[in-house]
Amino acid sequence: MTAATHSTLFPRVPDSADAVLEGLDPEQRAVATALHGPVCVLAGAGTGKTRAITHRIAYGVRAGMLQPASVLAVTFTNRAAGEMRGRLRQLGAAGVQARTFHSAALRQLQYFWPKAVGGAMPRIVDRKIQLVADAAAACRIRLDRNELRDAAAEIEWSKVTRTVPSDYAAATAKHGREAPRDPAEIAQIYAMYEELKRERAVIDFEDVLLLTVGILQDRQDIAEQVRSQYQHFVVDEYQDVSPLQQRLLELWLGDRDDLCVVGDASQTIYSFTGATPDHLLDFRHRHPGATVVKLVRDYRSTPQVVHLANGLLSQARGRAADHRLELISQRPPGPEPRYTEYTDEPAEAEGAARRIRDLVAAGVPAGEIAILFRTNSQSETYEQALADAGVPYQLRGAERFFDRPEVRKAGAALRAAARFGGNDTLLEDAVDLPSQVRAVLSGEGWTGEPPAGSGAVRERWESLAALVNLAHDFAAARPDATLGDLVAELDERANAQHAPTVQGVTLASLHSAKGLEWDVVFLVGVAEGMVPITYARTDEQIEEERRLLYVGVTRAREQLSVSWALSRAPGGRPSRRPSRFLDGLRPGSTARAVEPGRSPSRKRLGRR
Ligand code: ATP
Ligand code: MG
């Protein structure tokens, strides 16, 4: 581990509120110091939005202007929430609630259920698809697996857009949404689905938000209790907020306006689930007194990566695109993005794995490399290729690290060893903290070398290796630390859900890569049919796919590799072509003329 890694894992806590502002540029500072009233930050990828709001909270807390417990920071994923809590802790502002809309709502619902409804909260249904299947069967409508998935998606969309079954047909028409079947049938299944849930006394994921909204709307006393707890709200990735989440936010706020939202309309990638950048883009109209800040300096990526990102955006159409901001890289130049064509998918995966192996051998930490793909089903090929190349990888998001069974067991073992101290024979030969940890974790299955192959054994090993690395970093930052200190640190991190970085290549979908960054990013499968995905048909859907690629490109700090395969399996017909979004941007291609109002792929896709 390098000194740089130590300082990022265990940085010095700024010694004053003003010190928190160091390391922000003037616009970011404007965000951080605007502690009251509505604030809206509109800015492109990598411009420091998340950093600005994190520092804003820390500055407010450190300056004594915000009570930690009165701040609710809403992020898009549990992982992002965990990261934010970790960063706040490093800035000396622990104790702030950072959650997703869903987890914040769930917590409130569980707390207020006995008072608002009485009894215990219903169970959250774990297999929604089965419930949709039962509903369809009860309506005597036959659906295959794909249709079931589509129907479930329509029900979800209806709920987050607050559309009741009887309005479904009209709502799809109004939103130009193509219903997967006769809208009357979907509406019927939706109504039956709701009835079955009631009968079985279960609720679904969307109900958590709907019911919380319902309670806050109906019960003034409860709404007031929530409002007296939370006085300041911060929302990251606001471009992807759904109407239902927006409603919840409004209820939390009441008639107050201490709300700070940040987002990038060009990164709207969840509109298929009912999210819309309109709330972000209309913020100033709804809050005429708002402080609006634009950030254009891109601190994340090299000029080469930024050039491609700007190129992608310049071809974008639609409302989000009208608000695009040209990014200006602040980093020294790096290599040009690489474009590689392969004959088939396994060859593509092998090619990526080989290059990654070379990068790791050349000293790039595996944790600084990511492979991003459009659909989760692409993951497996890459897992195999990485395992074959002997490269460690991680699939799971870091937020659940401390929930993993092997991590819990390892924690218990470390705690026991710390309690018995030097009396433990296991620790007799271990002179320093890292070797003590290695000795204890050897009993849990940790080995100096990773086990062969992929799968569960490998994942368990990666978790233990992450703990060993953490012990190294901790000992380097605090040379006199004992095993007991480390156990305390682990407990604190588990509480803050601040997982150590597992040293492995990240495999993630483009959707789940939102907000994250790596030194080296491999965008794989960038072919027609994948990006844009076959089922993106309307112009809006195609534009969302383009934004998804933009999100992927802007995850890279230094090196970006874009690849595609001409056929799926070895020996297959080479019928694929690279994504249209790269036309005019990758070497050797020409810009494609866009026919207004018509998606160029529609005819071809129809034949599939
Ligand atoms: P995204 O749109 O992808 O969510 P973002 O706008 O939230 O991006 P951040 O993740 O906050 O951007 O920042 C991108 C990177 O730039 C981070 O590594 C961050 O630490 C760094 N960064 C941001 N602002 C500054 C700054 N003023 N000085 C140095 N580094 C910065
Ligand atoms: Mg961000």
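How many helices and strands are there in the protein chain? Color by secondary structure and you'll find 25 helices and 16 strands, taken as DSSP runs numbered from the N terminus (helices are H or I with at least four residues, strands E with at least two).

Before going on, note that this is a predicted model, where local features need pLDDT of at least 70, side-chain atom pairs count only at pLDDT 80 or more, and totals for chains, interfaces and linings use all residues. Residues are numbered from 1 along each chain as written, chains are lettered from A and ligands numbered from 1 in written order, and side-chain values use heavy atoms, leaving out hydrogens and water.

Zoom out first: the C-alpha trace spans about 75 × 65 × 55 Å along its principal axes.

Now select ligand 1 and its surroundings (residues with a heavy atom within 4 Å). That picks up 19 residues, with K49, T50, Q267, E517 and R555 the closest. Show helix α4, residues 49–62: with three residues, it gives the most to this shell. Then color by domain, using bounds from an automatic or database assignment; domain 1 (10–104 + 210–294) and domain 3 (336–399 + 499–607) each supply at least three shell residues.

Next, pick out the polar contacts (N or O pairs within 3.5 Å). The side chain of T50 has an N or O atom 2.8 Å from a ligand oxygen, and a polar side-chain atom of R300 also sits 2.8 Å from an oxygen of ligand 1. At G23, look at the backbone instead: an N or O atom there is 3.3 Å from a ligand nitrogen.

How values were computed: Polar contact = N/O pair within 3.5 Å; in protein donor to acceptor, adjacent residues only side chain to side chain.
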